[in-house]
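Could you take a look at this one when you have a minute? My comments are below the model.

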Amino acid sequence: MVSGICGSGKTTLSTTLSARLGLPRFELDAMYHGPRWVKRPEFETEVDAFSATPRWVTEDQYSGALGDLLWQRADTLVWLDLPRPTVMRRVVRRSIVRAAARRELWNGNRERFQDWLEADHPIRDAWSRHGDKRRQTTERIDRHPHLTVIRLCSGTEVRHWVSRLLPGASTP
């Protein structure tokens, strides 16, 4: 499982790990968001089903709906504990590209510039919850001592870790 605040690179790293390790990847955003950004009623059931299997990779998200289910079932946590300036640069760039391109994200949903005014927009979330996410992740790690935890604190550390783990692999 890959953990981190919005914009830290969870999806990119999960995709890379899936491809290089041959793990099935489950994108929680796609499973969670139905049309018009409404939560899909099947979400918890689908997550329960895939996470009961022995091999998977996903992002650490939606703890309000899932509680510690994924934390209990994962064997490894890769924590992207990147500095706020790095995260903000990434999440702003991502949001600009998504809104300008009007690219479909999940189930017909698209990010729009006016969405940036919403309290739960990823840019606002990354800024306001950066410190809280670090504290919450530390507390959850303490509650789940069975996890192998890999804490990466910069983009350079992420690239080096991936290259050491998977020689010759392209890195995020």
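Here are my notes on the sheet and the pockets.

1. This is a predicted model: local features need pLDDT of at least 70, side-chain atom pairs count only at pLDDT 80 or more, and totals for chains, interfaces and linings use all residues. Numbering starts from 1 along each chain as its sequence is written, and side-chain values use heavy atoms, without hydrogens or water.

2. Start with the sheet: it is open, with three strands in the order β1-β4-β5 and parallel pairing (strands are DSSP E runs of at least two residues, helices H or I runs of at least four, numbered from the N terminus; pairing takes at least two DSSP bridges). β1 (2-4) and β5 (148-152) are the edges. Five bridges join β4 to β5, and L80 has L152 as its bridge partner.

3. α7 lies across β1, β4 and β5, at about 160° to β4 (angles run from 0 to 180 degrees between N-to-C directions of lines fitted to C-alpha atoms, for helices over the stretch in contact; contact means heavy atoms within 4.5 Å). α8 packs on the sheet too, touching β4 and β5.

4. What is the volume of the largest pocket? About 1,400 Å³ (a pocket is an open set of points on a 1 Å grid where a 1.4 Å probe fits, with protein on both sides within 12 Å along at least five of seven lines; lining residues have an atom within 4 Å of a point; volume is the space filled by probe spheres set on the points, which are joined across faces, edges and corners). Its lining has 48 residues, and α7 gives the most, six.
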